[in-house]
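Visitor: I'd like a close look at one part of this model: the pockets. Could you walk me through what lines them and how the helices around them are arranged?

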Amino acid sequence: MVAGELVLLPGPGGVGHAVLSLLRAQEVPVRVMVRRDDDRAARLRALGAEVVVGDLTRPESVAAALEDVARMYFAMPVSPDHLLAATVVATVARTHGQLAGLVDLSQMTVSQMTATSTTESHQQRLQWLAEQVLNWSGLPVVHVRPTSFLDNPLFTSLAAQSIRKNDTVALPFGTGRTSPVAIEDVARVVATVLRDPAPHIGHVYELTGPRTVDMTELAEEFSRALGRPISYVDVPPDRWESEVLSKLGLPPHVEDHIATMARLHRENRYDRASSDVERVTGVPPQTIEAFVAAHRNLYLG
C-alpha cells in the first residue's frame with residue numbers, strides 16, 4: 001500500500017461499493033472496514049481491497065483502520081448510531097490520523113435545516129449534527145449531499161411491484177416535485193474527490209438528477225423507458241404507511257425516516273436542482289428515463 005494514496009472505506013454499501021470499484025479501476029489502494037470477515041469480505045478482497053474488521057462506533061478499531069490512511073470516506077446505513085460514529089471518527093482522526101481529505105456522505109435535506117428545525121426525521125437531524133461535529137473538528141472535510149436516490153426502494157422495488165400489478169407508480173408524494181440521483185453518479189463525485197481532495201476541501205456538493213419533476217412527469221419518464229404507459233397514483237399517506245411501509249419489517253428508526261421522506265416530498269422539500277455532479281466529474285447525472293431503461297428487467301421481471 002502507498003500511504004499517501006491509501007483510502008479508507010467503511011463497510012461499503014451502495015455508494016461505497018461503487019466508489020471502491022471506481023478507485024480500484026484506477027489502481028488507487030483501498031482499505032475497507034467491515035464488521036465481520038465473511039463471504040462479503042472475501043468478495044471485497046477479490047476486487048483488490050485490503051479488508052480489516054472494525055466498527056465506526058469503537059475508537060480502537062477506527063484508530064487501527066486509519067493507520068497510514070490519507071483519505072477517508074465516511075458513510076453509514078440509516079442508523080441511530082450515525083452521530084456517535086461521526087464523533088468517534090472525528091476525534092480519533094484528529095488524534096491518530098493524518099488525513100488529507102475526509103468525504104462525508106450526508107443528504108440534501110440538511111441544506112434546508114437549522115439548529116432548531118424539528119420537521120425532519122431523527123436520521124436527518126443526526127446527519128445535520130454530524131456535519132457540525134465534522135466541521136468543528138478542523139479536519140479537511142468535504143460534504144456530499146445527495147437528494148433521494150433513484151436506487152431507493154421507493155423508486156425501484158416498490159415501484160416495480162405496482163408497475164407489474166397495474167402499470168402505476170403508487171406513492172404518497174402528492175404534487176411534490178423531486179430530483180432523484182443515481183448511486184452511480186454520487187459515487188463518481190465521491191471517487192473524484194477522494195482521488196484528489198485538495199481542490200475540494202471545505203466544499204459542500206449538492207447532488208441531484210438533471211431536473212426536478214412532479215410524479216406525473218416521473219411516470220412519463222418510466223413510460224418512455226419501459227415502452228408502456230405508466231401512470232402515477234397518489235396514495236393517501238396513512239394508507240401507504242399501514243399497507244406498504246409497515247409490511248416491510250424495517251427497524252423503527254428506518255421506518256420513521258422513510259415515512260418522513262414521503263412527507264417531505266409532499267411538502268415539496270425535494271424540489272431541488274444542482275449542476276454539482278457535472279461540475280465535479282465533467283459528466284452530467286443520468287436521467288430517470290436512462291436509469292429505468294438500464295434496469296428494465298427489475299421493473300418488468
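**The pockets and their helices**

Guide: Let's start with α6, which gives the most to the lining of the second largest pocket, six residues. Keep in mind that this is a predicted model. Besides α6, the elements that put two or more residues into the lining of that second largest pocket are β7 (168-171) and α9 (237-243). The space in there comes to about 430 Å³. In total 19 residues line the second largest pocket, and nearest its centre you'll find Gln 161, Ser 162, Lys 165, Ala 170 and Val 244. By class, that lining splits into 11 nonpolar, four polar and four charged residues.

Now over to the largest pocket, with a volume of about 850 Å³. Its lining takes in 39 residues, and the ones closest to the centre are Met 76, Pro 77, Val 78, Phe 149 and Asn 152. If you sort the lining of the largest pocket by class, you get 24 nonpolar residues, 14 polar ones and one charged. Helix α6 (157-166) turns up here too: along with α1 (14-25), α5 (122-136) and α10 (252-266), it supplies at least two residues of this lining. The largest share, four residues, comes from α10.

Two of those helices, α5 and α10, deserve a look as a pair. Two packed helices are described by the angle between their axes and the distance between the axes. Here the axes of α5 and α10 come within 7 Å and cross at roughly 90°, so the two helices are roughly perpendicular to each other. On the α5 side, the residues that meet α10 are His 122, Gln 123, Gln 124 and Leu 126. Facing them from α10 are His 253, Asp 256, His 257, Thr 260, Met 261 and Leu 264. Counted by class, the contact of α5 with α10 has three nonpolar, six polar and one charged residues.

The protein chain has 13 helices and 11 strands, and its C-alpha trace spans about 55 × 40 × 35 Å along the principal axes. A compact globule of 301 residues would have a radius of gyration near 19 Å, and the protein chain agrees with that, because its own value is 19 Å.

So, back where we began: α6 is the top contributor to the lining of the second largest pocket, while α10 gives the largest share to the lining of the largest one.

Terms used:
Residues numbered from 1 in each chain as written. Predicted model: local features only at pLDDT ≥ 70, side-chain atom pairs only at ≥ 80, totals over all residues. Heavy atoms only, no water. 1 Å grid on protein atoms, 1.4 Å probe; cavity = no way out; pocket = protein on both sides within 12 Å on 5 of 7 lines; lining within 4 Å. Points joined across faces, edges and corners; volume = space filled by probe spheres on them. Nonpolar A, V, L, I, M, F, W, Y, C, P; charged D, E, K, R; others polar. Axes fitted to C-alpha atoms, helices over the stretch in contact; angles between N-to-C directions. Parallel < 35°, antiparallel > 145°, perpendicular 65-115°, else oblique. Contact = heavy atoms within 4.5 Å. Rg over C-alpha atoms; globule rule 2.2 N^0.38 Å.
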